[in-house]
Amino acid sequence: MARNLQSVGDLSYYDRLLPCIPLGESITPCIYQTCRSKTSLPEAIQENIARLKKSNPTWTHELFDDCDIERFILEHYGEEILGYYRRIHPVYGAARADFFRYLLVYARGGIYLDIKSTLTKPLDQVLHATDRYILSHWDNLPGGIHPPKHGVNLKRLPTLARGEWCQWFIVSVAGHPFLREVILEMLAAMDRYNPFTWGVAGHGIFPVTGPHRYSWGIEQVRPVLPADMYRILERPQDLGLQYSIYEQVSLLHHREVLGANYDEPLEPVIASRWDSLFALYKPWKRVKQRYKGWKRQRRARRAQSKKSS
């Protein structure tokens, strides 16, 4: 897996590639979500979308499917950026959603929410007129809903003692420098991706398009930005942000419902010159993956046996 997030190098090429969006004056009153197809949404997801619309009547809601996403990227960013998007292996829908959410909110401003996420408070009651960007760690303080180390990776993110910035939601004005830096870093990381050293599945997504790259990009800019350019929450719930509508079942139950377990595939996250060589390595990798799964199951059985006795 990637050992160092600082390895993406010079960003000047990507800076020329990415259109410069003027900084917005306020957060656009629009909620964005994405899905693979609008015709096969689970009932709970449909109900959640209806609740979001009802509780935020002054906000519009836009749902993007795979076709909508490609059209948007082509229209706002052109063929070359669309080419980067298409280099993300289709099996990693989460990584493609990462890529798109940054581009979408950078271009338009507004609020992006994962399709399994929701709001428990009306936005007009919790957002400030002066808000330009909202940041939050996971709720991992003592008494929080997540354990203390949840989201923490001091090796990759040494300046963030509480761990990564959440990116299952993005709340921003258009053209915010946080998102520009994140996109530049992400494009550079994609060009430097090597499945042997950066990893595949979740290990490969996190440092390329996911929360580690997102957090790293923000931390390159945050020290030099005026304090009024962002607001930090103690926890997402302070803004009524809820990670998953399926939390009562389990924190990761949405993966089962949506068929979105990105920890299982062994495909390289990004198409690159390493693909043919990695194909020879995959059978051994799969054996190793199954062995680790067997060890986890054995530990779980032992733990259950101790509880029973």
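**Salt bridges and a helix pair**

Analyst: At 1% relative accessibility, R213 counts as buried. This is a predicted model.

User: Which residue does R213 form a salt bridge with?
Analyst: R213 pairs with E185, and their closest N and O atoms are 3.0 Å apart. The two belong to distant parts of the chain: R213 sits in helix 10 and E185 in helix 7 (residues 177-192), 28 residues apart.

User: And E185, buried or exposed?
Analyst: E185 is buried, with a relative accessible area of 5%.

User: How many salt bridges are there by this rule?
Analyst: The count is 14.

User: Which residues are linked in a network of them?
Analyst: D98, R101, D114 and K116 form such a network. Within it, the side chains of D114 and K116 meet at 2.6 Å, N to O. Both D114 and K116 are buried.

User: What does D139 form a salt bridge with?
Analyst: Its partner is R235, with 3.9 Å between the closest N and O atoms. This pair also links distant parts of the chain, 96 residues apart. D139 is in the loop between strand 5 (133-136) and strand 6 (169-172), while R235 is in the loop between strand 7 (231-233) and strand 8 (241-242).

User: Why does D139 count as buried?
Analyst: Because its relative accessibility is 6%, and buried means under 20%. R235 has 35% relative accessibility, so R235 counts as partly exposed.

User: Back to helix 10. At what angle do helix 9 and helix 10 pack?
Analyst: Helix 9 (residues 201-208) and helix 10 (residues 211-221) pack at about 20°, and their axes are 4 Å apart. Angles under 35 degrees count as roughly parallel, so helix 9 and helix 10 are roughly parallel to each other. Their crossing is right-handed.

User: Which residues meet there?
Analyst: F206, P207 and V208 from helix 9 meet P211, H212 and R213 from helix 10. By class, the contact has 4 nonpolar, 1 polar and 1 charged residues.

User: New topic. Where is E25 found?
Analyst: E25 lies in the loop between helix 1 (12-17) and strand 1 (30-34). E25 is exposed, with a relative accessible area of 70%.

User: What is E25 in contact with, leaving aside its neighbours within four places in sequence?
Analyst: E25 contacts R132 and V173.

Methods: Residues numbered from 1 in each chain as written. Predicted model: local features only at pLDDT ≥ 70, side-chain atom pairs only at ≥ 80, totals over all residues. Heavy atoms only, no water. Axes fitted to C-alpha atoms, helices over the stretch in contact; angles between N-to-C directions. Parallel < 35°, antiparallel > 145°, perpendicular 65-115°, else oblique. Left-handed = near helix turned anticlockwise from the far one by under 90°. Contact = heavy atoms within 4.5 Å. Nonpolar A, V, L, I, M, F, W, Y, C, P; charged D, E, K, R; others polar. Buried < 20%, exposed > 50% of the residue type's maximum accessible area, 1.4 Å probe, protein only. Salt bridge = Lys/Arg side-chain N within 4 Å of Asp/Glu carboxyl O.
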